[in-house]
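Visitor: I would like a close look at one part of this structure, namely its pockets and what surrounds them. Please take me through that part slowly.

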Amino acid sequence: MVDLSVKIGDVEMANPVTPASGAFSWEYADVIDLNRLGGLVAKTICKEPRLGNPTPRMAETEAGIIQSIGLPGKGIEYFIDNIVPEYAKFTPPLIVSVSSEDTAEFAELAADLSIPDVDVIECNISCPTRNTTGGNFAMLSEHTFDVVSAIRAATDKPLWAKLSPNAGDIVSIAVAAEEAGADCLVIANTFLSLKIRTDNFRPALGNKFGGMVSPALKPIVLRMVYQCAKEVKIPIIGIGGVTKAEDVVEYMLAGASAVGIGYAGFRNPTALTTIIDDLEEWCDERGIEKI
């Protein structure tokens with residue numbers, strides 16, 4: 001039987017399959033065995049409570065979903081006191097995604113989360129509906145370097161930087177994040193998109209723009225992973241259009257060490273464990289002993 005375990009820096013995972021931030025919660029335990037996942041990735045949290053974006057927040061397209069949720073949540077204190085203990089009931093490493101529109105606050109969040117039950121801090125510096133100096137730092141290499149450097153200085157926890165597919169040159173962004181001290185790159189966040197309704201001539205989302213998630217985006221993100229893997233030495237987690245075991249294989253062949261699953265898990269939570277089962281079978285059929 002194949003050994004599916006992987007290491008992302010110092011973080012050991014039983015397999016390369018994780019959920020994507022924003023498409024997962026510890027409450028999935030009602031449907032699947034969370035202990036089977038490679039990691040548990042919490043929804044992005046902010047320092048203060050947030051209501052999120054105006055509704056409607058999601059719109060269907062022919063090949064996926066455009067969403068603009070707006071990072072709603074009850075803030076960092078509530079998260080540490082009430083949500084972290086829920087995740088601590090399970091064995092996979094906990095990856096906590098954080099976001100801010102301010103560099104100093106980003107660093108504060110990282111410091112606050114430097115606690116035993118948090119294994120990894122994922123800095124979401126690529127929220128697609130925020131501007132380049134107020135949350136979507138990953139559009140420009142200099143902003144990426146500054147914010148990742150500040151976060152790195154604030155914590156000894158493994159630091160994963162989530163990059164934007166909307167950047168003009170994602171390779172230069174990846175290099176900047178590595179030089180600033182990131183331990184891993186998460187490639188990539190969602191694609192900035194727009195849908196207009198033809199019945200009322202208005203945008204389909206209350207926030208107008210949103211992030212596109214779709215299996216159709218996999219070849220684009222796969223190309224980004226390959227290009228970045230050629231230029232950086234730190235591990236990469238590929239996120240975009242993973243719906244089956246062969247998609248995991250493709251990402252790993254392109255240079256990723258693991259994958260994140262968003263759309264498929266949102267559509268069907270059992271897809272996460274099904275893909276792990278299918279990946280094991282795929283490897284065993286080919287006599288692959290180590291993923």
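**The pockets and their surroundings**

Guide: The largest pocket holds about 710 Å³ of space. This is a predicted model, so every value here is computed from predicted positions. The lining of the largest pocket is made of 41 residues, and those nearest its centre are Ser21, Gly22, Gln67, Thr190 and Val213. Several elements give two or more residues to this lining: strand S4, strand S6 (64–67), strand S12 (209–213), strand S14 (258–261) and helix H7 (263–267). Sorted by class, the lining of the largest pocket has 20 nonpolar residues, 19 polar ones and 2 charged ones.

The second largest pocket holds about 290 Å³ of space. It is lined by 16 residues, with Ser25, Lys43, Ile45, Phe79 and Ile83 closest to its centre. By class, the lining of the second largest pocket has 9 nonpolar, 4 polar and 3 charged residues.

Thr44 lies in strand S4, which covers residues 40–45. Is Thr44 buried or exposed? Its relative accessible area is 6%, and because buried means under 20%, Thr44 counts as buried.

The side chain of Thr44 has two polar contacts to follow. One, at 3.2 Å, is with the side chain of Ser21, a residue also listed among those nearest the centre of the largest pocket. The other, at 2.6 Å, joins the side chain of Thr44 to that of Ser97. Setting aside neighbours within four places in sequence, Thr44 is in contact with Ser21, Leu71, Ser97, Val98, Ser99 and Asn124.

How many disulfides does the count come to? The count is 0. For Cys123, the nearest cysteine sulfur is that of Cys184, 10 Å away; because a disulfide needs the two sulfur atoms within 2.5 Å, Cys123 is in no disulfide. Cys123 is buried, at 0% relative accessibility. Cys184 is likewise in no disulfide, its nearest cysteine sulfur being that of Cys123 at 10 Å. Cys184 also counts as buried, with a relative accessibility of 0%.

Note on methods: Residues are numbered from 1 along each chain as its sequence is written. This is a predicted model: local features need pLDDT of at least 70, side-chain atom pairs count only at pLDDT 80 or more; totals for chains, interfaces and linings use all residues. Side-chain values use heavy atoms; hydrogens and water are left out. Helices (H or I, at least four residues) and strands (E, at least two) are DSSP runs, numbered from the N terminus. Buried means under 20% relative accessible area, exposed over 50%, partly exposed in between (1.4 Å probe, protein chains only). A polar contact is a pair of N or O atoms within 3.5 Å; within protein, one must be able to donate a hydrogen and the other to accept it, and residues adjacent in sequence count only if both atoms are side-chain atoms. Contact means heavy atoms within 4.5 Å. On a 1 Å grid over the protein atoms alone, a cavity is a set of points where a 1.4 Å probe fits but cannot get out, and a pocket is an open set with protein on both sides within 12 Å along at least five of seven lines; lining residues have an atom within 4 Å of a point. Grid points are joined across faces, edges and corners, and a volume is the space filled by probe spheres set on the points. Ala, Val, Leu, Ile, Met, Phe, Trp, Tyr, Cys and Pro count as nonpolar, Asp, Glu, Lys and Arg as charged, and the others, Gly among them, as polar.
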